[in-house]
Amino acid sequence: MSEFTMEIDGVSLPLDEDGFLQEPDLWNEKVAQAFAAPEGIEGELTEEHWNVINYLREYYLKNQIAPMIRRLCKETGCNIKKIYELFPSGPAKGACKLAGLPKPTGCV
Amino acid sequence: MAELPATPLLDDLEKGPWPSFVTEIKNAALHKDSCKDLLGQLERSYREKIGHWKHGGIVGVLGYGGGVIGRYSDLPKEFPGIAHFHTLRINQPSGWFYTSKALRDICDLWEEHGSGLTNMHGSTGDIILLGTTTDELEPTFKALTDVGFDIGGSGSDVRTPSCCVGPARCEWACYDTLKVCYQLTMDYQDEIHRPMFPYKFKFKMSGCPNDCVASIARSDMSIIGTWRDDIQQDDAAVKEYADKGLNIQRDVVGNCPGQCMEWDGEKLTIDNDLCRRCMHCINAMPKALAPGKDRGATILLGSKAPIVEGALLSSVLIPFLKIDNEEDFKDLQALVEEIWEVWGEEGKNRERVGEFIQRVGMANFLEAIGLEPVAEMVAHPRENPYVFYNQGDDEEEDK
Ligand code: SF4
Ligand code: SF4
């Protein structure tokens, strides 16, 4: 069992040492919101955030891997600067974490 | 503070007249627990012949996707001081010029926020700050920017450009390496800090073919100074070398890879058309010979160390480019951006640009970036890897 966990609605979610969800299936929108503040996002997630998060989740569920960043930018219509504005800790550490993906290795 | 751990294997590395990183870590361990644990874990790794760093953490500072490399011990219970021991890459100044105050500032802030251990410089060229915790990353970043430094690149981004000392101290420099390095760094801040390439992209600038930063082997784009007119030659000075006992025939002429020099005991003759711009003769007789006056750079593409695939050396993309003014520099940048566009679009994850070219073929690559193939696009002087001759054809030509 993981040493790091997060509690949401009484369910304890195991995290890795960088705070990524260990089991992507345990994700829900509340999880994303709970991850937001520690990644430098203030307040409620906006539609623009969800646009990126949903794209990442869909891509991951289909391909079992995070998309390359160039692709992420193209498909969501956000350039790289915009992505960092939305997710100050970046697409890998920020956006992927909120989308409940396991820690990306090398890509994103 | 508790005693240092026993480290019989590491102690061996303190023997002999050389500086020793073990001695340095021991000094630091006198007032940093993290360094004490570092010694303990390293000794254990040497004993077990197993590394005890976990691979690949994702940590960083807000706004940046590169420059911080996550390190975690896989024995955090035994070595709590290095449970987190992250590395920061700091953008070095062009040519590694510092005031002593700048160095003191870095050392002071690193004593405060990290292990105090540095590596000046890493193979990327950056200042490497070794070992801190996740909580200290933002405060370190703030302290760094307060004294005028910034974090460098890591991951799939433009790595911190680096250059040789160039015209600041070296008479062989054929272009201003420091300026090109600085300008690339400033113009590509986004690409350095926010990774979005298939893999890393390194620029290294050497002022002449001596290639003191080994750009030909260690950068995706190697910019190496050269000249296109004749080697400058001072006959009286050549004679002086001979009179002082230099064996010009054996040590200069005999080692010329272009076999384009002649020495009759009095006068040195160079057939500059066949010269390969290798610098050998100039290095051998620096007071007598110098690179020509029409100077610029050769742009090479594609080298990498053997990590995912085997090692590659860069090969020539642009045989000669002037980089003296803004316009020249814009040409270079337009080329760079074209390459990024093609490689970014078509490159596979973790595929360096050199591997990408190998996969798609040089001809297709050149077409995609809109460059006409020319005979000087070579991997080695006088050897064109893209044109094949039959033995017979060669002999025909010789006749
Ligand atoms: S690469 Fe050439 S110009 Fe640069 S420092 Fe070395 S010898 Fe001098
Ligand atoms: S630079 Fe090299 S190839 Fe050219 S003349 Fe000198 S030794 Fe020969």
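**Reading a predicted model, step by step**

Going from the N terminus, chain A of this predicted model has its elements in the order β-β-α-α-α-α-α.

Me: How many helices and strands does chain A have in its secondary structure?
Reply: There are five helices and two strands in chain A.

Me: Why does the radius of gyration of chain A agree with a compact globule?
Reply: Happy to walk through that one! A compact globule with 108 residues would have a radius of gyration near 13 Å, and chain A has 13 Å, so the value agrees. Its C-alpha trace spans about 35 × 30 × 20 Å along the principal axes.

Me: What percentage of the residues of chain A count as buried, and what makes a residue buried?
Reply: The cut-off is a relative accessible area under 20%. Of the 108 residues in chain A, 56% count as buried. The chain's accessible surface comes to about 5,300 Å², with 48% of it belonging to carbon and sulfur atoms.

Me: Which residues of α2(B) and α3(B) meet?
Reply: From α2(B), B:Phe21, B:Val22, B:Ile25, B:Lys26, B:Ala28 and B:Ala29 meet B:Cys35, B:Lys36, B:Leu38, B:Leu39, B:Leu42 and B:Tyr46 of α3(B). By class, this contact has 10 nonpolar, no polar and two charged residues. The two helices pack at an angle of about 145°, their axes 7 Å apart.

Me: Which residues lie around ligand 1, and how do you know that a residue belongs there?
Reply: A residue counts if one of its heavy atoms lies within 4 Å. Those around ligand 1 include B:Cys164, B:Cys170, B:Cys208, B:Cys212 and B:Trp172. The shell has seven nonpolar, two polar and one charged residues.

Conventions: Residues numbered from 1 in each chain as written. Chains lettered and ligands numbered in written order. Predicted model: local features only at pLDDT ≥ 70, side-chain atom pairs only at ≥ 80, totals over all residues. Heavy atoms only, no water. Nonpolar A, V, L, I, M, F, W, Y, C, P; charged D, E, K, R; others polar. Helix = DSSP H or I, 4+ residues; strand = E, 2+ residues; numbered from the N terminus. Rg over C-alpha atoms; globule rule 2.2 N^0.38 Å. Buried < 20%, exposed > 50% of the residue type's maximum accessible area, 1.4 Å probe, protein only. Areas by Shrake-Rupley, 256 points an atom, 1.4 Å probe, with all protein chains shown as cover. Axes fitted to C-alpha atoms, helices over the stretch in contact; angles between N-to-C directions. Contact = heavy atoms within 4.5 Å.
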